[in-house]
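Have the viewer open alongside the text, and follow each element as it comes up.

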Amino acid sequence: EILLREIGLEDFLSPLLQNKVVGNLDSQLDLVDWRFFQDMKLVDKFPLGARQRLLFHLEYIKDKRAIFDQKNDHTFRKWNIEEVSIWLDAINESSEMKGFFRKLGICGIALSNVRKEDLTDEILKLCHQESYLKRRQIRQQLEECFWTHLQRLRNSNGIVPPSSPQPQPRAHVPKIEVQPSPSHPASEDQKDRIDEEDIPEQYICPITQEIMKDPVTCKDGSTYERSAIEDWIEKKGTSPLTREPLTKAQVYPARALKGLIESFSKLTHCEDQTIMEVLNL
């Protein structure tokens, strides 16, 4: 009860007591996993975000033997529902998708812990689309576009959900998306060879999870894409990582990093063009 009240999930206490998961003499919290809500028919009673928060806190306690201190966490797990919505804006998700996330109560903790299939199924339930093609389109958007951004966000914050495999180390040979010349257009197979995960992490914006074009350094010590952090400041007025007050006056050009990124992009572009010319001989 103390735990649930501490993390704002006291509504879960009643079903846990009724199903004898917790009691006066014993506790069986190890039984509470994603299947528990389905087996006990609690999926419709508690939104996905709340269920994921409970699972995250229970797993954290089992692993760390302590309650998760969200105030002192410096990852996106600190984000509330509104800040998740701002991030969805930054990765160009639709207003419809942002509405789904709000209805599901997806905060930073839920975002860090949710499984792909659970999120997809819940959003498909909300969309009330009977058209198979429309449902297929939503599923593809989630699994191919959104999930790629989320995996980058998790990796950049060093977060691996309990059910996910450990991330593979980055390769040492840098590659970015090929910009083919008109005389040598890239084939689909050649495009697939370019691995975005090979881009150095310091070149990636923590908000957009894309390689930066105009990097800036802020008071919080992190570097962001200028347009992304300025948009964040306009809406929140705080640092995305520390939540301390942040203004546009505390945003400074990262000229050295910008030069490195431009050199990296040109070098990789030249290497890829050489490979393409050989392959097209």
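Three strands make up an open sheet, ordered β2-β1-β3, with antiparallel pairing. Strands here are DSSP runs of E with at least two residues, helices are runs of H or I with at least four residues, and both are numbered from the N terminus. Two strands pair if DSSP finds at least two bridges between them. β2 (223–225) and β3 (251–253) each have a single partner strand and stand at the edges, so one side of each is left without a neighbour in the sheet. On average, neighbouring strands of this sheet are turned by 40 degrees against each other, direction ignored.

A word on the source: this is a predicted model, in which local features need pLDDT of at least 70 and side-chain atom pairs count only at pLDDT 80 or more, while totals for chains, interfaces and linings use all residues. Residues are numbered from 1 along each chain as its sequence is written, and side-chain values use heavy atoms, with hydrogens and water left out.

Back to the strands. β1 (residues 215–218) is joined to β3 by three bridges, and the two run antiparallel. Across this pairing, Thr217 stands opposite Tyr252 in β3, and Cys218 stands opposite Val251 in β3. Three bridges also join β1 to β2, again antiparallel, with Val216 opposite Tyr224 in β2.

Helix α11 lies across β1, β2 and β3, and runs at about 95 degrees to β2. Axes are lines fitted to C-alpha atoms, for helices over the stretch in contact, and angles run from 0 to 180 degrees between N-to-C directions.

| Helix pair | Angle | Axis distance |
|---|---|---|
| α5 (residues 81–90) and α11 (residues 226–236) | about 150 degrees | 11 Å |
| α8 (residues 116–127) and α9 (residues 132–156) | about 145 degrees | 10 Å |
| α4 and α8 | about 160 degrees | 11 Å |

α5 and α11 are therefore roughly antiparallel to each other (angles under 35 degrees count as roughly parallel, over 145 as roughly antiparallel, 65 to 115 as roughly perpendicular and the rest as oblique). Their contact (heavy atoms within 4.5 Å) is made by Glu82, Glu83, Ile86, Trp87 and Asp89 of α5 with Trp232, Lys235 and Lys236 of α11. These residues divide into three nonpolar, no polar and five charged. In this scheme Ala, Val, Leu, Ile, Met, Phe, Trp, Tyr, Cys and Pro count as nonpolar, Asp, Glu, Lys and Arg as charged, and the others, Gly among them, as polar.

Where α8 meets α9, the residues include Leu119, Ile123 and Leu124 in α8 and Ile138, Leu142 and Phe146 in α9. By class, this contact has eight nonpolar, one polar and five charged residues.

α8 also packs with α4, and the two are therefore roughly antiparallel. Leu48, Arg51 and Gln52 of α4 touch Asp118, Leu119 and Glu122 of α8.

Finally, the rings: the structure holds nine aromatic pairs. One of them joins Phe56 and Tyr60, whose ring centres are 6.0 Å apart with planes at 35 degrees, so the pair is tilted. Rings of Phe, Tyr and Trp (its six-membered ring) pair if their centres lie within 6.5 Å; planes under 30 degrees apart count as stacked, over 60 as edge-to-face and the rest as tilted.
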